[in-house]
Amino acid sequence: MKVRKIVVLCAVAVAVIFLSGQVMAEPVTINWWHAMKGARGKVVDTMIKAFNDSQSEYVVVGTYKGNYDETVNAGVAAYRARKQPHILQSFEVGTQTMMLSGAIYPVYKLMKDEGYNIDWKGYLQPVLSYYMNANGDLMSMPFNSSTPVMYYNVDLFKKAGLPMLDKETPITWDELGEITAKLLKSGVPGGMVTGWQSWTQVENYSAIHNIPFASKANGYEGLDCELLINNPKVVNHIAMLKDWFDDKRFVYGGQKYQGPKAEFIAQNVGVYIDSLSAIAKLKAGVKDFKWDVAPLPVESWMKNPQNSIIGGASLWVFKGHDKKDYKGVAAFLKHLSKPEMQIYWHKQTGYFPITLAAYEQLKKEGYYDEQPYQEVGVKQLTRRDPTIISRGLRLGYFIQIRNIINEELELVWNGKKTPQEAMDSAAARSNKQLREFEKTYQ
Amino acid sequence: MIKRSVFTSRTLPYLLILPQIVVTLTFFYWPAVQGLMQSVMRSDPFGGHSKFIWFDNFITLFTDPLYMKSIGITLLFSASVAAVSISLGLFIATMANRALKAKAVVRMMLIWPYAVAPAISGILWLFLLHPSYGVVSYAIRNWLHIDWNPVLWGSDAIFMVIMASAWKEISYNFVFFIAGMQAIPKSLIEAASIDGASPFRRFWTITLPLLSPTLFFVTVMNIIYSFFETFGVIHTMTQGGPGGATNILVYKVYQDGFIGLNLGASSSQSVVLMTLIIIITVLQFKYVEKKVQYTG
């Protein structure tokens, strides 16, 4: 009996020495696969280095895996081969697929399990709400988030005798109609362009005007949701844009941002709607005119416009790693949300600082007096608490749905369909995708 | 007498072809079988939910009018790419074959575009023809006064991707045609000219029939190219738009599978695509090859 006890004790002692030796000798590696290249990639590397230098228990290794699609696909393949990274960056449209994958460790749970008591109220709510489940629990950590705003050519505005736009109070769509008409009259070939038309003209338009995009609270409350974008308000908006298209107040430059941006830089149009991230691109690309930023226009009947919604990506934590690894993952996520990291991220990339603390500190530092462009998006995003309609969209096969909307909008612009026909068809086609997605998870 | 190497060992030949078999099995048969299996399943990307659903994916495909439209676009696109690149390749080869000076340089210059990857070719053409920043499109609109806008008009877009895809393939065809023409005995053509046959007649009655094996091979290769490899061109130039006007089958497979993560739908489309290309190739071998004259 005694002998056995001694043996067990010895074994335990050996094990403890062995294990602690291991911990001392080698830090735990945490893999993060991301889609940030170029200048943004360097910013990410700096943030990782700051974490690695601040402690010795964990080493975070960041790997660029290609664009968003490629990164998500790499994550999917790795998970199937049981070689998944700890953290995967995935774009906002993939949120539903990631949430239902059964492969993830929800962030709110991870932080709670690892003993971090995080006050989620201290975060920008419209950013968090995009990645929450129906109960308001945060599933993934927001990382790079932006929102669409409106850029305008100051020189062309002056030439047309137009006043400058306010950075906080949005103009109405009717006013934009008058502005673009005056621009045309002053000799500009076109009025406005928009990048990412589904995101800016349908998704954000619906959120700002508090119009449901899909039933079941935009899909948050059930997979059996259906698209509602063929409602009179959205259809009217598209019809208005079509009228503008016909008299050149609206110019179509393509689904993404390259074409529209080129039209704006070439001064073929005076107004350009696109993500906040275009600030950096315009700073680099515009040499011969002054431009400024204003919030997105709002309909005159909408007295209290809602927040706009975000685009971008968030960080998902994969299941299937050791407990000690997750301690490091949690510490790293905590590190990323520190004010100094968020301030650095915001200043370098233009993406939102996700905590209020970081935002307040930036304000105090006077950053927004120097860089007034940057604040337009933050103010538009935080002007009102999100409702269940403006908090985000949670749709299966959302990528396909966006493609469908883009396709149908193009058929409106080139006159093959009326706005009502196109939106009806977009909803019907998307609903088929939603049913297919629903069946997959039954 | 045909000389034959004789293996005394029975296993050696198998050993020698083993590497090739391994490569073919892992990189062709295994993915193909996986694709076939996926095409009758409905599954989520992470593999947590998988259900056998017989031919539901195929039924969904063939009841979708847009998919039928996509098949139509693909056939039109492939036929146009093959026609444009074969006729231009043949024309240039005929001309280059008659060139007197700097033959080698001319030929090398004409072969170059083949070294350009389809995606790069797409980007290059886009820089010329994009309505917002294309150099040529500026000229088309301002000097020819044509409302050229492939971002908006489907017909402009399909014309643009056909040009970009065919351009690259002209070089490929050129190489084969010129090699084929070199193999035609000079004496035949000379004899014909002595008999008073015009250049066109000589081409039509001597060169073309003797070139028919090459022509046949090139046609098969061009159609396969335009079905699959033009993906890069579509991806960089139009992404299937506007309004689905350039959404060829292979691009739809990529969009649904790789970007949209709907593996079942994407796999069933690949199976359809594979079947289609098998049918086209078999038809070509069965009916066209009979007219081909091989010289021994």
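Select chain A and colour its two domains: the centres of domain 1 and domain 2 of chain A, taken over C-alpha atoms, are separated by 33 Å. This is a predicted model, in which local features need pLDDT of at least 70 and side-chain atom pairs count only at pLDDT 80 or more, while totals for chains, interfaces and linings use all residues. Residues are numbered from 1 along each chain as its sequence is written, and chains are lettered from A and ligands numbered from 1 in the order in which they are written.

For the selection itself, domain 1 of chain A covers 2–146 + 311–375 and domain 2 covers 148–308 + 395–440, with bounds that come from an automatic or database domain assignment. Across the boundary, 10 residues of domain 1 of chain A are in contact with 16 residues of domain 2 of chain A, contact being counted if the C-beta atoms of two residues, placed from the backbone, lie within 7 Å. On the domain 1 side, the elements that give two or more residues are helix H4 (95–100) and helix H18 (372–382) of chain A, where helices (H or I, at least four residues) and strands (E, at least two) are DSSP runs, numbered from the N terminus.

Next, show the strands of chain A, five of which form an open sheet of mixed pairing in the order E2-E1-E3-E9-E4; two strands pair if DSSP finds at least two bridges between them. At its edges are strand E2 (58–64) and strand E4 (141–146) of chain A, each pairing on one side only. Zoom in on E4(A), which pairs with strand E9 (residues 311–317) of chain A in the antiparallel sense over 5 bridges, and find Met141(A) opposite Leu315(A) in E9(A).

Move on to chain B, where 26 residues are in contact with 29 residues of chain A. On the chain B side, H11(B) gives the most, with 4 residues.

Finish at helix H1 (residues 12–38) and helix H12 (residues 263–288) of chain B, which pack at an angle of about 120° with their axes 8 Å apart. That angle makes H1(B) oblique to H12(B). Here Gly35(B), Leu36(B) and Gln38(B) in H1(B) meet residues of H12(B) including Ser267(B) and Val271(B).

Note on methods: Axes fitted to C-alpha atoms, helices over the stretch in contact; angles between N-to-C directions. Parallel < 35°, antiparallel > 145°, perpendicular 65-115°, else oblique.
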